[in-house]
Amino acid sequence: MIDKIALNKMMDALMLRYWGIFLIDDDYRKSIKESNYFNVPNSILNTEMVNYNAVNEKTVLAIAIPYALEGRIQPIHNNMAKVEAFGWDFDYHVQIKEILNQLKAGLESLCGYTFENVTVCVDTSPYSDREVGFYAGLGRVGYNHLLIHEQLGSNFFIGYLVVHQKLSIEPTLLIKPKELPKDIVHPYCKTCGRCTRACPSSVCGLKTVDMKLCLSAQTQSKELIDESIRLAMHDRLYGCSICQTVCPLNHNDKAHPLLTLKTSNWLDTLSLLEITNKDFKKLYGHMGFTWRPLWIYKRNALIVLGNVGDQFAYDGLLSLPQIQEDEKLAEYYRWALNRMKNRSDEQFETII
């Protein structure tokens, strides 16, 4: 049996303060479904048929890893674009997966045998991360659609192990259905509303929305970006954390040592427009934000320049005619030049 003292010792060694475990069997499913918390097609409660008609039981250990919400170094000039802190200096998928694999090895050591079937989940998983985190006691859902933890706020990553068998665990370690709050919505949100007022794409709140409209998702999209979204991006190259930076429940001082910023998370837009794929990967390939193709970031750099670029940036763009010949970037190139020109006709020369 996994006992409390041994498991707490392992968690402390990995500097994990926020975690929870729950066991899924038929009784658990029945108790949870009576509460009707989540209605998601990829629910972790769904039964999986193995060995003919046997019902799969699961043991789930979920961890909350706080990350830096804001960088401490400000941009050094006007023509720089911001990469949100959650995508800079580290790739949280790699870091958290490493921690989860250490947890897996530790649990196997405590049990005295190797698990035959384990799913390691970081961001991309077959289950709903919010649902798993809620059942593990890691928080309630905020109006920003993220889990809000009582000590961490919402700026944390969720990672979890799904062991496809029922492990023997000291009962006091388990999060049980009766211990979960009756309402999944965090009570503070009901009287706050800061994120709903600040969200540039109006996706925050209780209403059902298309999360593809979230500004963070838009900065990562391959689709044509509408004018209103371009303006809302302002100086953002990747991601958006407005809903988190305005939230009174969030903190910027509890980041896990592996998820702290060590360098400035601002990029020079003109340099980015000239960089090659090879150099981009060499400089930034170890960071979480670089999972999209380079043209996405060059497109966003043009949008940023259209919003905040100065005379130096205007002249710099005019010296990069090859950008105008790129079918994916040409429209944004023209838009950026015209935006800069229209902001100050007296300062910028007329586009020919």
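Let's start with aromatic pairs: this predicted model holds 21 of them, counting rings of Phe, Tyr and Trp (its six-membered ring) whose centres lie within 6.5 Å. Take Phe-22 and Tyr-135, which sit 5.9 Å centre to centre with 80° between the planes, an edge-to-face pair; that label needs planes over 60 degrees apart. The two residues are 113 apart in the chain, Phe-22 in strand β1 and Tyr-135 in helix α4. Helices here are DSSP runs (H or I, at least four residues), as are strands (E, at least two), numbered from the N terminus.

Are these two buried or exposed? Phe-22 is buried at 0% relative accessibility, and Tyr-135 is buried at 1%, where buried means under 20% relative accessible area with a 1.4 Å probe, protein chains only. There is also one aromatic cluster, made of Phe-86, Trp-88, Tyr-238, Phe-280, Tyr-284, Phe-289 and Tyr-297.

A quick word on conventions: residues are numbered from 1 along each chain. As this is a predicted model, local features need pLDDT of at least 70, side-chain atom pairs count only at pLDDT 80 or more, totals for chains, interfaces and linings use all residues, and side-chain values use heavy atoms, leaving out hydrogens and water.

Note on methods. Rings of Phe, Tyr and Trp (its six-membered ring) pair if their centres lie within 6.5 Å; planes under 30 degrees apart count as stacked, over 60 as edge-to-face and the rest as tilted. Buried means under 20% relative accessible area, exposed over 50%, partly exposed in between (1.4 Å probe, protein chains only).
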